[in-house]
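Subject: Structure handover

Hi,

Here is the structure I promised to pass on.

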Amino acid sequence: MSSVKTNQGNNMLGTQPIPGMIWKFALPAIISAMTNQVYNLIAQVYIGWSVGDLGIAATNVAFPLAILITALSALFGMGGAAKFGLYMGQGKPEEARQTIGNALVLMVVSGLAVGIGATVFLRPLLYTFGATEAIMTYAIPYTLITNIGIPFGVLAVGASYLIRADGSPSFSMLVVLSGVIFNLIAAPVFLFGLEMGIGGVALATTLGQMLSSAVAIYYLRVKFKSVSLKREGMQLQGAVIKGVCALGSAAFFTHLAAVAVQIVQSNALRYYGAQSIYGSEVTLASAGAVIKVMAFLMSVVIGISLGCQPIFSYNYGRKRYDRVKEAYKLAVSYATIVSVIAFLCIQIFPRPILSIFGSTNPLFYDFAVQYMHIYLFMTFANGIQPVTSTFFSSIGKARIGFWMSLVRQVLLLMPLLLILPIFWGIKGVLWAGPLADGIAVVLVILFAAREMRIMTGLQLKQVPDAGIAKE
């Protein structure tokens, strides 16, 4: 039996009007991202009202492991989806099938390795992430349970990229929504009804990840449209792994750098917070609350960038540079509008937003409001970077996306987090954010403008009636 199925989903990527295509693919991704962040936000609210500031701080120091799940999902899921889209655009279904199979195996193996490693080295990891002894009381039981869900989380999120690339954005949304909806129902039952404490929230998260991975596996086995997924395609091959990792590396290192930044930032907050009127626990709790708020507000931007990935990849593979440029410019415009709205909410309504976490500590509000006003000051421009990073990975130029993320996270933000507090104390931690973001966004714009000029040149060289140049 042939491994090639119907290619309607991918042909649609090359023929339908770009604005409609963006929203067809982006809306399910936005709903998925927003719903997932709604759960994360609500879970923090539950923990804040039931456990208090120490509970919020506990989930904050455990957050690098959640970022690592996203990083591995992006490495193998986004990388696999981008390579798959390029192959389908080039008319190479066999290579596309091998790419999907290898990507899935890599998700499972990496998720198991991280889950086991994080459990074996739990206490030193949490201390490295910035936990104090008071926070450890809540962080250890929470993280022990969420570690069980790491392999399922990597598979579910990673597979959602592949399902979207197959031309099924709505089912990709269903993969994420199934687990999130379960979490929304189960978390308060476990936390309040069964009085399981912070471990109840962790258990709901893990079970939700298991459900999402089961839904993803069903689609991959039964409903995948573009190619037939066979066991032979899951035999790991070096060339295939290299291709997947090359295109997923920019997103992976972006998230990996975010883990490193989170660790440096948490330790800076712990150290300099202890020297301030706030104390370590209040500064860490404030950071945890603000991070969840910011992730929720920016989830729309992430949804837009993820929704555009199949459009970028397929049309670049077909050498439809006009469609690629149009999609990128529209995506940046939409993301910027969302970012400006998020900026206005953060700057105008910080205290009402923070009040949902239920803290009764005035020091919490004092520091968290400063955190939102200063650290997130460049939010209005933050929509450009995720869209551009996804764009470069999607067209096979992950090295540029990698360097963009490296500059912002590693070469700018981390040194600033280490240097500025020496002179300004805890305020130095806050000012590191907008300074790094401001420089990084200028560089991103320059990289993107250069790539637009390159594609314009390639477009002008094409023969108008060449078969592959026009659909």
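**Charge and overall build**

The mean positions of the 30 positive and 15 negative charges of the chain lie 8 Å apart. Keep in mind that this is a predicted model.

The fold first. The chain has 18 helices and 0 strands. For setting up a box, the C-alpha atoms fill roughly 70 × 45 × 35 Å along the principal axes.

Next, burial and surface. Of the 471 residues, 60% count as buried. The accessible surface of the chain is about 18,100 Å². Carbon and sulfur atoms account for 70% of that surface.

Contacts come next. Take those between residues at least 6 apart in sequence: 84% of them join residues at least 24 apart.

**Two domains**

Domain 1 covers 19-236, and domain 2 covers 249-461. Their centres, taken over C-alpha atoms, are 20 Å apart. The contact between them takes 51 residues from domain 1 and 56 residues from domain 2.

**Two residues to look at**

Start with S172. This residue sits in helix α9, which spans residues 169-193. Is S172 buried or exposed? S172 has a relative accessible area of 1%. The cut-off for buried is under 20%, so S172 counts as buried. L162 is 10 residues away from S172 along the chain, and their C-alpha atoms are separated by 8.3 Å.

Then go to G425. Where is G425 found? G425 is in the loop between α17 (398-424) and α18 (426-461). Which residues does G425 touch, leaving out those up to four places away in sequence? They are Y272 and L420. G425 and S276 are 149 residues apart in sequence, yet their C-alpha atoms are 8.0 Å apart in space.

**In short**

The chain is built with 18 helices and 0 strands. The assignment gives it domain 1 (19-236) and domain 2 (249-461). S172 is buried in the model, and G425 sits in the loop between α17 and α18.

Over to you.

Best wishes

How values were computed
Residues numbered from 1 in each chain as written. Predicted model: local features only at pLDDT ≥ 70, side-chain atom pairs only at ≥ 80, totals over all residues. Heavy atoms only, no water. Helix = DSSP H or I, 4+ residues; strand = E, 2+ residues; numbered from the N terminus. Buried < 20%, exposed > 50% of the residue type's maximum accessible area, 1.4 Å probe, protein only. Contact = heavy atoms within 4.5 Å. Areas by Shrake-Rupley, 256 points an atom, 1.4 Å probe, with all protein chains shown as cover. Lys, Arg positive; Asp, Glu negative; His and termini not counted. Charge placed at Lys NZ, Arg CZ, Asp CG, Glu CD. Domains from an automatic or database assignment.
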